[in-house]
Amino acid sequence: MNITFYKYQGTGNDFIIIDNRSEIFPKQDTKFINTLCHRNFGIGADGLILLENDVDADFKMVYFNADGNESTMCGNGGRCIVAFAYKLGLLNTTTTFNAIDGLHNASIKDGIVSLQMIDVHEINFHDGYMFTDTGSPHHVEIVDNLDKFDVVTEGREIRNTIYGSEGSNVNFVEKVNDQFFKLRTYERGVENETLACGTGATAAAIAMHASKHTQNNEIDLQVEGGRLKVSFHYNDTSYTSVFLKGPATFVFEGIITL
């Protein structure tokens, strides 16, 4: 059996996306998904996404990390699946889709996708870092000279030592000015640095506001693969109307033989 796949990337965060509305993809086969995502033995990607039918929304997003395991929300993956659904003709310019963390509203214009993320009600402050959940768990830490920082070594150590087997994504942030921050992320499930992380960018922006490194409610972030923008409303206790905005780009399509 042949299945068509589509490769998308959002600021360098790349994904294999498959239209699985007919439910023929073997999504319980962790090893197969891991092989497809492998950059030497497969197609190569940070994760795999299935687009499926949903009774409450335009479609459902099912996300798997590169290790083959179904995972929590992926922001850039969410933006890419909106671009894919647009390509399939499932939406005009706006949509609502379901994901593991609930319903998401989104819009697309000229290849730029704006995705509403979940509300954030809690930011935990620790000695030297912050932790919050933006659909996926995120450690946020401010560092100097981010361009030369050893993200993989430090990120892996934090991911395993502080957060144990469940793990956490680990974000390192450098402030440029009140509006603009640099960000690099070590992602669990990929177990490496990725060129971008959407839930990580969201977590970093909110953490910078919560720690008073900025008073802006619209923040630009330079990630390794480009630029992302995060905006939100803050009401003294929670961050609401949180949006992640950036490009989502079709790369190529091909055939998987089962």
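Predicted model: local features only at pLDDT ≥ 70, side-chain atom pairs only at ≥ 80, totals over all residues.

Modeller: What follows is a set of questions about the terms, each answered by setting a value against its definition.

Biologist: How many helices and strands are in the chain, and what makes a stretch count as one of them?

Modeller: The chain has four helices and 17 strands, where a helix is a DSSP run of H or I with at least four residues, a strand is a run of E with at least two, and both are numbered from the N terminus.

Biologist: How do you know whether the radius of gyration of the chain agrees or disagrees with that of a compact globule?

Modeller: The radius of gyration is taken over C-alpha atoms, and the globule rule is 2.2 Å times the number of residues to the power 0.38. For 258 residues a compact globule would come near 18 Å, and the chain has 17 Å, so the two agree. Along the principal axes, the C-alpha atoms fill a box of roughly 55 × 35 × 25 Å.

Biologist: Why is Asp 46 called buried?

Modeller: Buried means under 20% relative accessible area, exposed means over 50%, and partly exposed lies in between, using a 1.4 Å probe and protein chains only. Asp 46 has 5% relative accessibility, and therefore counts as buried. Of the 258 residues of the chain, 53% count as buried.

Biologist: Where is Asp 46 found, and what makes its link to Arg 39 a polar contact?

Modeller: Asp 46 is in the loop between helix 1 (30-37) and strand 3 (47-52). A polar contact is a pair of N or O atoms within 3.5 Å; within protein, one must be able to donate a hydrogen and the other to accept it, and residues adjacent in sequence count only if both atoms are side-chain atoms. The side chains of Asp 46 and Arg 39 make such a contact at 3.0 Å. Not counting residues up to four places away in sequence, Asp 46 also touches others, including Gly 12, Tyr 63 and Val 190, where contact means heavy atoms within 4.5 Å.

Biologist: Is His 104 buried or exposed, and what does its side chain join?

Modeller: His 104, which is found in strand 6, has 1% relative accessibility and therefore counts as buried. A polar contact of 2.7 Å joins its side chain to that of Asp 101. Leaving aside neighbours within four places in sequence, His 104 is in contact with residues including Met 73, Phe 97 and Leu 115.

Biologist: Why is Thr 11 given one label for accessibility and Asp 110 another?

Modeller: Thr 11 has a relative accessible area of 4%, so Thr 11 is buried, while Asp 110 has 73% relative accessibility, so Asp 110 counts as exposed.

Biologist: Where does Ala 196 lie, and which residues is it in contact with?

Modeller: Ala 196 is in the loop between strand 13 (192-194) and helix 4 (198-210). Its contacts, leaving aside neighbours within four places in sequence, include Thr 11, Asn 76 and Val 223. Ala 196 counts as buried because its relative accessibility is 2%.

Biologist: How do you know whether Gly 155 is buried or exposed?

Modeller: Gly 155, in helix 3 (residues 151-161), has a relative accessible area of 0%, and so is buried. Gly 155 is in contact with Asp 150, Val 170, Phe 172 and Tyr 186, leaving aside its neighbours within four places in sequence.

Technical notes. Residues numbered from 1 in each chain as written. Heavy atoms only, no water.
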